[in-house]
Amino acid sequence: MAKFEIIVGSVLGASEYVADALQEVLLKNTHSAEIHLTPKLADLDHNTNWIICTSTHGAGDLPDNIQPFAEQLKNQNLSKHTFLVIGLGDSSYDTYCHGSIQLENIMLSGGATLLHPALHIDVLNHPIPEDAAVAWLNNWLKNNEQ
Ligand SMILES: Cc1cc2nc3c(=O)[nH]c(=O)nc-3n(C[C@H](O)[C@H](O)[C@H](O)COP(=O)(O)O)c2cc1C
């Protein structure tokens with residue numbers, strides 16, 4: 001059994017639905033998973049896998065609820081951290097999924113280990129983004145026997 005922290009960035013709620021679906025998958029697989037809708041560094045368990053699940057808004061920006069967390073992460077030593085990234089975006093923007101890419105880069109700059117290349121869900125092709133996220137996570141769990 002492993003423990004996961006699901007860190008959500010959302011404006012309109014789609015990433016929250018994805019986070020709920022991810023949590024369901026993890027719990028079904030006897031893992032524990034907590035969702036953070038107002039993520040703060042101090043509230044997170046630092047010995048778990050983090051799953052960053054965020055959309056992009058504005059001109060490639062992170063949603064407001066996760067921006068303070070992104071700021072907190074800057075200049076942290078994250079070398080003991082492992083994480084996954086699921087970005088929601090719309091490929092008609094030339095800043096497609098830039099919010100999640102931004103956060104991924106902050107984590108990597110701090111020395112964290114990305115456990116698998118990020119999943120970018122294009123909401124133009126995936127009207128139900130949680131389906132793509134669930135398939136991806138199930139596949140990752142199967143291959144990693146967490
Ligand atoms: C005002 C606005 C700006 C957006 N800007 C971007 C963007 O720059 N890049 C991108 O990939 N998607 C962009 N999107 C698409 C959203 O990321 C996408 O609709 C996503 O599913 C929203 O998820 P949320 O409900 O969790 O916020 C934008 C959507 C809106 C409404």
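Reader: Which residues in helix 1 meet which residues in helix 4?

Author: In this predicted model, Ala-14, Tyr-17, Val-18, Ala-21, Leu-22 and Val-25 of helix 1 meet Pro-129, Glu-130, Ala-133, Val-134, Leu-137 and Asn-138 of helix 4. Sorted by class, the residues of this contact are 10 nonpolar, one polar and one charged. The two helices, helix 1 and helix 4, pack at an angle of about 35°, their axes lie 9 Å apart, and the crossing of helix 1 and helix 4 is right-handed.

Reader: Which residues have the most contacts inside the largest nonpolar core?

Author: Ile-6, Leu-22, Ile-51, Cys-53 and Ile-86 have the most contacts inside this core, which has 32 residues. Among the elements that give two or more residues to the core are strand 1 (3-9), helix 1 (14-28), strand 3 (49-55), strand 4 (82-89) and helix 4 (129-144). If residues up to four places away in sequence are left out, Leu-22 touches Ile-6, Ile-51, Cys-53, Ala-133 and Leu-137.

Reader: Why is Cys-97 called buried?

Author: A residue is buried if 20 or more other C-beta atoms lie within 10 Å of its own, and Cys-97 has 25 other C-beta atoms within 10 Å, so Cys-97 is buried. Cys-97 lies in the loop between strand 4 and helix 3.

Reader: Why does Thr-30 count as exposed?

Author: The limit for an exposed residue is 12 or fewer other C-beta atoms within 10 Å, and because Thr-30 has 9 C-beta neighbours inside 10 Å, Thr-30 counts as exposed. Thr-30 also has its place in a loop, in this case the one between helix 1 and strand 2 (32-36).

Reader: What is the phi of Thr-30, and what is the phi of Cys-97?

Author: Phi of Thr-30 is near 65°, a positive value in a residue other than glycine, and phi of Cys-97 is near 60°, again a positive value in a residue other than glycine. Most residues other than glycine have a negative phi.

Reader: Why is Glu-24 called partly exposed?

Author: Partly exposed residues fall between the limit of 12 or fewer for exposed and the limit of 20 or more for buried; Glu-24, with 14 other C-beta atoms within 10 Å, therefore is partly exposed. The place of Glu-24 is in helix 1.

Reader: Why is Leu-44 called partly exposed?

Author: Leu-44 has 16 other C-beta atoms within 10 Å, so Leu-44 is partly exposed. Leu-44 has its place in the loop between strand 2 and strand 3, and, not counting residues up to four places away in sequence, Leu-44 touches Glu-5, His-36 and Pro-39.

Reader: How many residues surround the ligand, and which are the closest?

Author: The ligand is surrounded by 22 residues, of which the closest are Leu-12, Ala-14, Ser-15, Ser-55 and Gly-89. By class, this shell has 10 nonpolar, 11 polar and one charged residues, and helix 1 and strand 4 each supply at least two residues of the shell.

Technical notes:
Residues numbered from 1 in each chain as written. Predicted model: local features only at pLDDT ≥ 70, side-chain atom pairs only at ≥ 80, totals over all residues. Core = buried A, V, L, I, M, F, W, Y, C linked by C-beta atoms within 7 Å. Helix = DSSP H or I, 4+ residues; strand = E, 2+ residues; numbered from the N terminus. Contact = placed C-beta atoms within 7 Å. Axes fitted to C-alpha atoms, helices over the stretch in contact; angles between N-to-C directions. Left-handed = near helix turned anticlockwise from the far one by under 90°. Nonpolar A, V, L, I, M, F, W, Y, C, P; charged D, E, K, R; others polar. Near = placed C-beta within 6 Å.
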